[in-house]
Amino acid sequence: MRKGAHFDLEAMKARLANEDGPRLWRSLEELADLPEVRRYVEAEFPDIVQAATIDRRTLLRLMSASLALGGLAACDGGSAGKNAPLLSQSHTMPGHVPGVPLTVATSLPLNGFGRGVLVKVQEGRPIKIEGNPLHPASLGATDVFAQAEILSLYDPDRSDAPLQNGVERTWQELTGFIRPVRNELVVAEGKGLHILMPPTSSPTLLRLVAQARQLFPLARWHSFSPIDDDNRRAAGMTVFGHDVDLVYDLAQADTIVTLGGDLFAEEPGHLRYAADYQARRRMQDLALPRAFAVESRPSLFGARADDRIPLRPRDFAAFAQALAGALETGSVAPSDHPSLSRIADALRKAGPRALVVAGREQSAAVHALAYAINMRLGAFGSTIRAIEPVRPSEGDVGTLADLADAIAAGQVSHLVVLGGNPVYTAPADIDLAALIHRVPLSLHLGQHRDETASACHWHIPESHPLESWGDLRAFDGAVGLRQPVTLPLKPGLSAEEFLGLLAGQALDGRGLVQATWREAWGEGFEARWARSLEDGVMENSAALSLDVAMRDDWRPEPAAPVASGGIDVIFAPDPSVWDGTFANNGWLQELPKPLTKQAWGNAALIAPETAAIFGLSTGDTVDLSVEGRVLRVPVWIMPGHAPGTVTLTLGYGRQRAGRIGNDIGFDAYAIRPSQHSWIAVGKIRAAGERVALVSTQQHHSMQGRDIVRVVAPGQSPPPEKEHPSLYPDWPYEGHAWGMAIDLDACIGCNACVIACQAENNIAIVGPEEVAKGREMHWLRVDRYYGGDPASPDTYFQPVPCMHCEKAPCEVVCPVNATVHSSEGINDMVYNRCVGTRTCSNNCPYKVRRFNFLDYQGTDFTASSDLMNPQVTVRDRGVMEKCTYCIQRIGTARADARIEDRPLRDGEVVTACQQACPTKAIAFGDVNDRDSAVSRLKQDPRNYALLGALNTRPRTTYLARIEQPREDG
Amino acid sequence: MSSEAIAITTPVAEVPLSRRFGRVWWFALVVSGALVLLLGYTLVSVTILGVGIWGVNIPFVWGFDLINYAWWIGIANGASLFAAILVLRRHDLRTAVNRFAEGVAFFAVICAGIFPIFHLGRPWLFYWTFPYPATYEVWPQFRSTLTWDFWAISTHAIVTSLLWYVGLIPDLATLRDRARRKSVQRIYGVFALGWRGSVRHWAYHQRAYRLVAILVLPLILIMQSTVAFEFAVTLVPDWHETRQPLHFVATGLAQGLSIVLLVAVLLRSGLRLGRYIDEEDIDLLGKLVLTSAIVSGYLFLDEVIAALLAERMAQEAMLNRMTGDYAGLYWTAIVYSVLIPQLLWFKAARNSTIAGVFVGLSIGVGIWFDRFSIIVGGLQTDHLPSISRTYQPTLAETGLFLGTIGLFAALLLLFVRFLPVVSMFETRHDEHLEKSS
Amino acid sequence: MAQLFTPAAATLFRVAIVLACLGILSGAALAYVWARSGSTWNVGKPAPQPVPFRHDLHSGSLGIDCRYCHSTVEHGADAGMPSAQTCMTCHSQVWVGASVLEPIRSSFLLGQPIEWASVHRLPDYAYFNHAVHVTKGVACETCHGRVDRMPKTVKTQTMSMGWCLDCHRDPVPQLRPQDAVFTMGYEPHGKNLPDDLREFYREASRRLTSCNTCHR
Amino acid sequence: MTPLSYGIMAEFRRAEDLVEAVRTARRAGYTKLDAFSPFPLTDLAHELGVRTTIIPWIAFLAALVGAGLQYGSQYWMNVVDYPLNVGGRPLNSWPAFIPSTLIVAILWAGAATLIGLLVILRLPRLHHPVFAVHDFRRASEDRFFLCILAEDPIFMMQEARAFLETLSPLAVREVPACD
């Protein structure tokens with residue numbers, strides 16, 4: 001199973017094979033003296049080994065532990081031949097049942113904001129992440145990043161020892177080196193010390209920063225994140241004279257207008273916004289909300305909006321101004337955008353129940369106008385509220401540019417980079433690597449030996465958020481505690497611990513966090529602490545609304561003359577790897593992006609119109625030049641993209657991401673200017689080369705077939721006509737499992753896909769295999785376009801196994817490897833499958849996946865430690881597919897049987913269902929007439945995909961609702 | 001009285017008994033032997049690494065494996081069917097062609113049988129399709145066309161090989177009796193099972209032989225239809241056609257005939273057996289091949305008509321096969337298996353060796369492309385556009401295909417070397433009947 | 001013309017043919033028997049254990065309840081192996097310092113698990129849940145045999161899939177009233193089961209023989 | 001009659017001669033005759049009283065057994081032993097069970113007939129007295145032989161030889177019995 005160090009282990013085991021009883025332990029003692037054992041233990045427990053020269057007793061302990069671990073390691077994967085050992089508990093844990101996972105609540109950071117999650121821990125190993133229903137930013141749902149974080153935790157490329165100029169050092173050597181340096185700095189009051197860290201919401205971290213500032217009054221602090229909200233916050237200052245964060249309440253909004261951005265994917269509260277929007281759509285007594293997406297690059301929100309208006313970035317300021325004007329005066333100039341009046345009317349109609357949101361890439365001016373419009377409509381207080389910034393920048397915090405200047409001016413003697421990977425993410429005109437080399441002493445704390453690590457003198461391994469203590473605030477300010485869910489898999493320090501040490505505190509992450517809250521709460525700490533740990537979020541810790549007022553001296557700045565010529569270049573976070581942080585995560589790399597369905601790479605998105613002008617087709621490369629820097633990128637023709645505009649997603653082209661993330665796609669940072677870091681103007685020239693881009697979907701039109709159904713509000717599609725069958729219906733007493741997927745709710749965010757992959761041990765196959773069409777996702781989200789390619793309707797359709805009652809796949813299997821269960825589930829018995837693949841041939845939905853090669857032994861294969869022990873790991877040559885999370889059904893049934901009670905509706909929740917932010921997926925017993933799923937299936941919108949084939953699918957869909965455009 | 005009276009069939013018997021066999025034969029054997037090695041290599045590699053080394057994917061879970069399987073099985077069935085019909089009709093042509101027609105059928109089955117086993121994800125478990133009492137008490141799934149096919153292939157292999165052998169016994173006796181070296185006599189002697197040509201034996205032998213030859217007829221029809229069903233029973237729009245079995249049987253017959261013609265002309269010129277496989281035989285064969293080609297032509301037409309009458313998906317699928325990514329395959333199939341054979345309208349072509357070889361090959365090639373077009377081109381159009389992909393065969397697959405051709409050729413060469421290629425006793429019989437009449 | 005083969009050779013040839021046929025048949029028969037023989041499934045083969053633990057002593061003579069050591073058998077899929085603590089409850093008093101108990105003591109001191117050799121290990125693709133079986137009247141003895149008489153723990157059943165199916169197809173004859181589940185040497189007979197339970201299992205047999213009952 | 005001899009054999013050049021010889025031999029009252037030819041002489045066999053009607057019967061019965069066995073086992077496995085819901089089809093989906101039933105019927109019929117044939121003909125029999133006769137090897141090529149068996153009630157070596165000589169054969173030779 002596992003390679004490397006385990007070689008020794010096998011040898012040891014072999015040595016011990018025919019020993020038993022006391023002789024075993026005596027031979028262990030002998031073994032303890034063997035050099036290979038020492039080597040092995042060092043390999044397995046570097047941190048402890050480094051602690052000091054180890055005495056035989058410790059060594060013995062470690063060794064037996066390793067043997068035990070080795071035994072465990074043998075459990076997962078096919079342990080043919082010799083039986084895997086039976087491990088006793090190390091000590092009696094009352095109430096703990098071996099094999100039954102524990103659930104731990106914690107928070108995960110994204111761009112400094114917290115998302116509450118529940119981590120399933122199996123025998124001390126975290127194996128799955130779910131959303132925390134109590135947490136405002138999750139409500140039980142997760143995004144792809146939260147789901148994939150578990151894989152990052154087990155990333156073999158995570159740094160596990162300090163580096164000095166690229167040479168591995170022990171922790172003693174590190175501390176030995178740092179201590180005197182720190183003391184000097186204390187004496188020098190931090191003169192020449194510059195600390196660069198990404199913006200954070202963590203109260204503890206902020207407290208420690210404050211403490212450190214007192215200790216080093218002369219030190220300078222810099223904050224940098226490639227995904228910044230500077231424009232938005234600048235606008236706040238100009239309009240309200242106050243730095244604020246905005247929180248939207250889509251559940252209250254009758255009309256939503258977005259100017260760029262993506263409410264459902266890129267905002268800190270995106271899960272919540274998606275959930276609220278769908279909740280609002282589900283309110284039967286209210287008319288459907290009306291959503292307008294004015295955007296340059298298609299977004300998930302745009303895909304769900306009633307009205308998408310593609311607009312060149314350079315035209316936004318004018319558009320926003322016109323809109324403001326229209327609301328002001330009620331009149332629309334004929335020169336204005338055709339759909340402007342429609343939007344203005346809708347906003348006016350909604351009044352305070354309207355909401356205008358500008359995306360983070362928009363200029364401060366556009367944001368300011370958006371604020372003004374909301375203010376005018378009275379949206380503040382109803383659909384939108386202002387709060388104190390969740391990631392405050394206290395004291396004077398410099399930018400990256402300031403740091404660059406300081407270094408250039410030779411003022412920086414010590415540079416500390418606390419997390420993040422600025423060398424990679426810095427704008428093109430700041431050559432941070434070169435600058436850092438000019439700093440006498442630079443030090444980097446990070447999880448990976450990445451670009452920044454290699455640029456700094458010292459690299460210190462940072463512990464993973466799931467390994468350390470901390471606290472994070474959500475988009476609305478609610479505080480969630482972060483607690484370790486496992487013993488550190490790799491030795492490392494958290495940013496808190498590091499700052500703590502810097503500020504002269506003890507190395508005790510838990511203590512640091514507790515100190516923060518003891519301070520905050522005073523007495524009654526213990527109870528609240530325990531409660532907060534259990535819930536994962538602190539009671540009513542959400543930030544209070546500020547009542548903001550427009551500065552009366554504020555006037556919209558006169559619209560700058562629209563630049564002509566050139567092509568607009570938008571930089572955007574990538575839906576799969578965000579800003580590059582997740583580049584080494586196989587699940588995310590292999591995840592087809594929601595709109596393009598591209599995997600393992602990025603591309604420059606352009607409109608069909610633009611492509612026509614330059615005579616480009618998807619895969620052709622162009623030379624894109626921005627402010628004199630040129631980057632050669634492959635283009636991707638993106639229906640609905642604004643003309644004369646290119647979208648580049650960040651996070652690819654990494655050089656030091658790790659074995660998975662290196663040299664994939666192109667690095668958009670290479671041409672990202674610091675002045676116009678979101679929207680720049682550039683030039684484009686066809687380069688004539690072609691690049692093979694990997695995508696999982698080749699055809700994008702439904703070709704007029706009845707695949708994704710659409711109905712008008714209130715209206716219901718023609719009733720399914722009953723297809724008679726030659727065969728008598730099979731009786732299903734007891735439970736009959738079924739699923740209903742509401743296409744009106746699906747926003748195509750892919751969370752279900754990754755959740756399924758994590759739950760069911762689905763293999764990563766790598767770019768070559770995906771290009772061949774061999775991806776293994778049990779659940780895929782099909783994306784179709786309809787209508788005018790300039791601004792098409794976008795339809796998402798998650799397609800898992802349909803579990804047809806008249807399953808065509810079963811009839812053609814020669815060995816009974818796929819048959820029906822008594823509860824109507826289309827079972828796939830891996831150990832019986834011989835791999836004729838004929839079942840896939842006969843599956844009209846093509847949801848079956850085949851292990852064409854041994855996908856458990858590739859460079860991409862995930863650590864066997866995060867495998868779900870409840871799900872068989874599939875061998876080469878067997879078919880696999882969605883099982884309706886049969887393991888979850890089995891566990892729930894077993895529990896019910898043990899407690900002698902019937903299964904309750906909602907007790908079985910499939911992985912995809914659990915992850916979905918909009919609750920688009922319902923699962924349950926269709927024999928029970930009032931189960932959630934049955935109720936959905938009784939909805940007139942319910943229909944079977946390819947129903948005419950009469951396969952009688954158990955998975956059915958609810959037609960998507962689209963309201964006719966209101967022209968006014 | 002021991003004068004070596006030269007019997008009519010002596011030259012036939014002398015072929016296997018001759019001491020040396022000419023360079024051409026050796027060259028051919030070396031070439032095909034090399035291909036057999038290639039076969040072994042590709043089989044081992046696919047067993048070790050998995051079918052992922054082929055171009056297969058989702059939805060194209062089947063590529064060359066099933067294309068070549070369908071092709072070989074077509075040859076086997078075509079040849080057997082032809083042989084069976086001749087026996088049934090007691091046609092003179094049988095004396096000339098049955099022996100190697102059955103041989104061709106048998107070798108083709110061997111080649112075909114390789115694919116269903118090695119195209120499995122876990123080939124070492126192929127025996128799970130056979131109902132044996134396992135300790136896990138799970139049985140095969142008899143509703144599956146693949147299970148039917150398992151029985152069909154094994155039956156075909158067993159019955160045709162038995163039939164072939166039983167037909168060979170008297171001729172083996174002849175070889176036994178003509179062989180000069182004791183060892184050779186002994187070898188043929190063992191296989192002749194002590195045949196002594198007793199009139200009583202002849203009577204039973206003929207009855208049994210004819211009966212089984214006739215039994216083969218329905219077997220072939222069922223089997224070839226089963227192959228077709230493997231596609232027809234699926235929900236793939238282009239495959240889901242009741243006409244599929246007819247198409248496979250008819251085109252299969254064309255294949256079988258063409259290969260028989262090919263072998264016939266080669267043997268005729270190669271072994272100078274003009275006297276046994278005579279002008280009329282070849283001429284008649286040529287006419288039959290032509291007819292079968294015309295029939296295939298009709299079926300290609302029928303395919304289009306059927307699609308026109310079918311529902312929209314089927315129409316789109318057919319259209320895609322004719323104009324889509326894989327249109328080349330479709331048209332190549334028509335040119336090679338229908339148009340080129342029209343040469344045989346000319347007597348000159350029917351009697352020329354080159355033309356025979358050319359047409360024989362072209363039909364073989366044509367039908368291969370037809371199978372390719374059906375299996376790959378047909379699968380490309382499915383109900384959900386989102387899963388439409390393409391398939392490209394890899395070297396590993398191609399090597400496997402060439403390997404089976406090598407195996408087929410090698411077996412044929414050995415057959416020619418060691419066994420009488422036309423039935424000697426039948427020839428004598430005919431001679432006798434002609435004289436007496 | 002002389003005879004090619006002597007009569008002896010001729011007979012030999014016939015005999016050879018007959019023998020070949022017989023050989024094939026007997027080979028098949030042999031395979032059939034071998035696949036079902038206990039030894040193939042390691043029935044009765046003890047495994048080398050770190051401690052020479054004796055069930056016959058603890059369970060048999062001392063009559064310690066199964067659940068005392070296998071404490072999670074009623075709550076979880078795993079029956080659970082006792083921690084060193086459990087052993088030490090007694091062995092801190094009796095057999096103190098016995099060299100055979102060294103592993104227990106070191107485990108107790110170091111807080112490291114004891115690595116027992118598994119005797120009844122099922123394949124990874126088979127999922128067995130102790131709790132469900134035990135709480136539904138399937139006795140320890142039914143699968144594990146008379147452990148109370150085992151000096152060394154061994155398998156008494158093949159634990160082949162067929163063996164599982166035999167019971168899953170008709171569990172009733174194997175079931176016991178709850179109070180008899182942990183007793184040894186009890187004679188199972190369907191009589192003392194309530195009829196509704198028998199009825200339940202008659203219906204349940206379809207579900208119990210569904211693939212996903214054991215395979216996921 | 002001498003136990004040392006199997007019979008006596010005459011060699012002919014043409015099939016017609018053999019047929020003629022058989023006829024006269026039978027007229028002469030010989031009943032235990034065996035004729036050998038390089039190709040089937042069906043009507044001659046008929047005259048020698050060979051009836052092959054058993055062959056189709058073997059085929060027919062074997063086919064029945066094969067079919068019964070195949071369908072029976074399919075029924076038992078799918079309906080009785082392990083009833084599984086396969087694609088919602090009935091347990092006994094007879095239409096799907098028929099193809100392999102037919103195929104296996106043919107398998108049995110074919111195999112039984114051909115193997116049965118060998119049994120009926122008592123083949124393999126590598127050693128046989130007639131093989132000892134000089135020139136008999138041409139029986140598989142271009143000569144025809146008539147053999148009057150020693151076990152024939154009226155068989156006397158001299159008479160038989162004399163009788164055969166009258167048929168103007170190429171040669172008449174004694175067939176020694178197996179040693």
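**The interface of chains D and B**

Between chain D and chain B there are 22 residue pairs in polar contact, both residues at pLDDT 80 or more; a polar contact is a pair of N or O atoms within 3.5 Å, where within protein one must be able to donate a hydrogen and the other to accept it, and residues adjacent in sequence count only if both atoms are side-chain atoms. The model is predicted: local features need pLDDT of at least 70 and side-chain atom pairs pLDDT 80 or more, while totals for chains, interfaces and linings use all residues. Residues are numbered from 1 along each chain, chains are lettered from A in the order in which they are written, and side-chain values use heavy atoms, without hydrogens and water.

Contact (heavy atoms within 4.5 Å) joins 68 residues of chain D to 59 residues of chain B. The two chains bury about 5,800 Å², 71% of it on carbon and sulfur atoms; this is the accessible area (1.4 Å probe) lost on being put together, summed over both parts. On the side of chain D, Ile103(D), Leu114(D) and Glu141(D) lose the most area to chain B, together 12% of what that side buries.

Glu141(D) also forms a salt bridge with Arg178(B), with the closest N and O atoms 3.0 Å apart. The rule, a side-chain nitrogen of Lys or Arg within 4 Å of a carboxyl oxygen of Asp or Glu, finds one salt bridge across this interface.

Among the elements that give two or more residues to the side of chain D that touches chain B are α3 (54-81) and α4 (94-120); helices are DSSP runs (H or I, at least four residues), numbered from the N terminus. The largest share, 17 residues, comes from α4(D).
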